Amino acid sequence: MTGGRLHPFTLLAIAGTLPALAWILPAPAGGAVTTAVALVLTLTPGASPGLAGTGSSPGWRPGLVVLRTAVLTAAPFWLFLLLLHDVPSTIAIGLRLTTMIASVVWVGALLPPGRLVEAMVAAGWGVTAAYLFAAALSAVPLLKARAQRIVDAQRCRGLSPRGGLGRRLRALRALALPLVLSVLHEVDERALALETRGFVPGARRTPLAPPRDATAERVGRWLLLVGCAAALAWRLAWRG
Amino acid sequence: MSVRLLVLIPAAAAISLALSAAVDAVALPLFLDTTGTVLATALAGPGAGIATGVLTSAVNTLRNPTFWPFVVVQVIVALYAWLAARGGLFRSLKTAVPAGLGLGVLAAATSTPISYVVFGCTTTGGIALTTALGRALGLPPLGACFFGSFVADFGDKAVTFALVTSVLHALPRRTAARFPWALRAVGAA
């Protein structure tokens with residue numbers, strides 16, 4: 001089974017377990033193992049670089065793009081760690097951070113937000129949580145594009161974002177205020193649109209295409225949780 | 001919770017993330033990633049603010065996984081902004097900016113242990129460099145980490161509070177009145 005066909009909760013469980021184990025298991029061996037697993041996962045078939053925010057990379061295999069994103073995101077942390085810590089500490093912390101970064105980049109590449117929302121709804125979550133998550137995810141790129149249009153429009157009107165601190169802060173106000181006010185003016189319109197469609201906070205919704213949640217996957221998620229708890233107990237006992 | 005407040009939460013979270021475009025344009029070392037949290041709190045109270053902060057961290061985590069451990073800072077920011085709104089501190093820049101500076105100290109104190117334990121004080125390049133400067137000045141590791149976080153948060157939160165104050169005052173009174181806390185936050189109710 002490829003990673004892309006796993007249930008969203010299973011993907012999240014794996015992405016949560018790896019960083020947890022990276023912190024629980026003794027450094028650097030534990031972190032090295034979890035980092036290796038997380039980096040291998042980024043090559044999982046089905047990973048889509050677009051959803052990881054990696055953009056298009058002509059000539060690159062999708063899995064390699066996800067791996068590259070994870071490595072490029074983690075690389076600055078290694079540099080900063082070397083700047084602030086000795087080599088053993090750098091390796092210990094760096095491996096943990098790389099595990100966390102690679103796991104999240106991997107799950108971000110494999111899991112479309114809409115599929116996660118469907119899984120949440122199918123699992124009995126109220127429409128409120130699903131709406132909050134889906135609305136925020138869909139609004140971010142739209143508002144970023146609007147912010148860029150405002151920047152361009154204000155520049156056309158002669159706004160200069162250069163100069164001293166006071167001038168830059170005034171320019172920031174001129175850029176941010178129209179964006180925030182336009183969003184607040186839209187709140188009523190959106191609320192009205194939702195209410196006319198029968199949206200009631202807390203109500204349950206019927207999922208259109210609920211992801212399949214096999215028994216084996218549910219058992220697997222519990223095993224991951226038990227594994228983390230066992231590792232933590234072993235680590236505490238071993239330390240003691 | 002009304003549908004209007006429910007719509008406000010993702011909108012405010014998206015504001016926090018979209019403001020990076022404006023910050024990039026003016027090339028200032030600011031995050032403004034708590035603007036939506038402060039705004040939602042000032043408009044609709046602590047519940048909306050905390051939900052906005054958690055949602056901002058969750059969505060930001062998909063873009064940069066290092067944001068999630070700092071979700072507790074967003075909660076602290078929402079609670080502080082609620083106290084500021086109750087006290088009418090958004091009524092002018094003269095009251096909002098000092099309140100924002102106070103939040104900067106609190107946010108730095110909250111984020112320092114997270115940054116130190118989880119990231120070894122390397123959350124961003126700027127914080128890593130100011131932490132290194134703190135070490136060069138002879139501060140102990142945790143003190144240098146606080147120094148780095150303080151430099152990053154102090155001005156950022158003051159600008160955030162100033163920006164939210166500007167927004168609250170620029171809102172038409174009829175629009176502001178639709179949100180339960182907006183008029184009280186600016187000292188008009």
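**Reading a two-chain model**

Me: Which residues does Gln154(A) touch, leaving out those up to four places away in sequence?

Reply: This is a predicted model. In it, Gln154(A) touches Leu159(A), Ala174(A), Leu175(A) and Pro178(A), with residues up to four places away in sequence not counted. Gln154(A) itself sits in helix α6 of chain A, which covers residues 127-156.

Me: Is Gln154(A) buried or exposed?

Reply: Look at the relative accessible area. Under 20% is called buried. Gln154(A) has 14%, so Gln154(A) is buried.

Me: Now the two chains. How is the size of an interface given?

Reply: Often as the accessible area lost when the parts come together. Here about 4700 Å² is buried between chain B and chain A. Carbon and sulfur atoms give 82% of that area.

Me: How many residues are in contact?

Reply: Chain B brings 58 residues, and chain A brings 52.

Me: How many salt bridges cross the interface of chain B and chain A?

Reply: The rule finds two. One of them joins Arg178(B) to Asp188(A). Their closest N and O atoms are 2.4 Å apart.

Me: Which helix gives the most to the side of chain B that touches chain A?

Reply: That is α1(B), with twelve residues. Sort that side of chain B by class, and you get 43 nonpolar, eleven polar and four charged residues.

Technical notes
Residues numbered from 1 in each chain as written. Chains lettered and ligands numbered in written order. Predicted model: local features only at pLDDT ≥ 70, side-chain atom pairs only at ≥ 80, totals over all residues. Heavy atoms only, no water. Contact = heavy atoms within 4.5 Å. Buried area = accessible area lost by both parts, 1.4 Å probe. Salt bridge = Lys/Arg side-chain N within 4 Å of Asp/Glu carboxyl O. Helix = DSSP H or I, 4+ residues; strand = E, 2+ residues; numbered from the N terminus. Nonpolar A, V, L, I, M, F, W, Y, C, P; charged D, E, K, R; others polar. Buried < 20%, exposed > 50% of the residue type's maximum accessible area, 1.4 Å probe, protein only.
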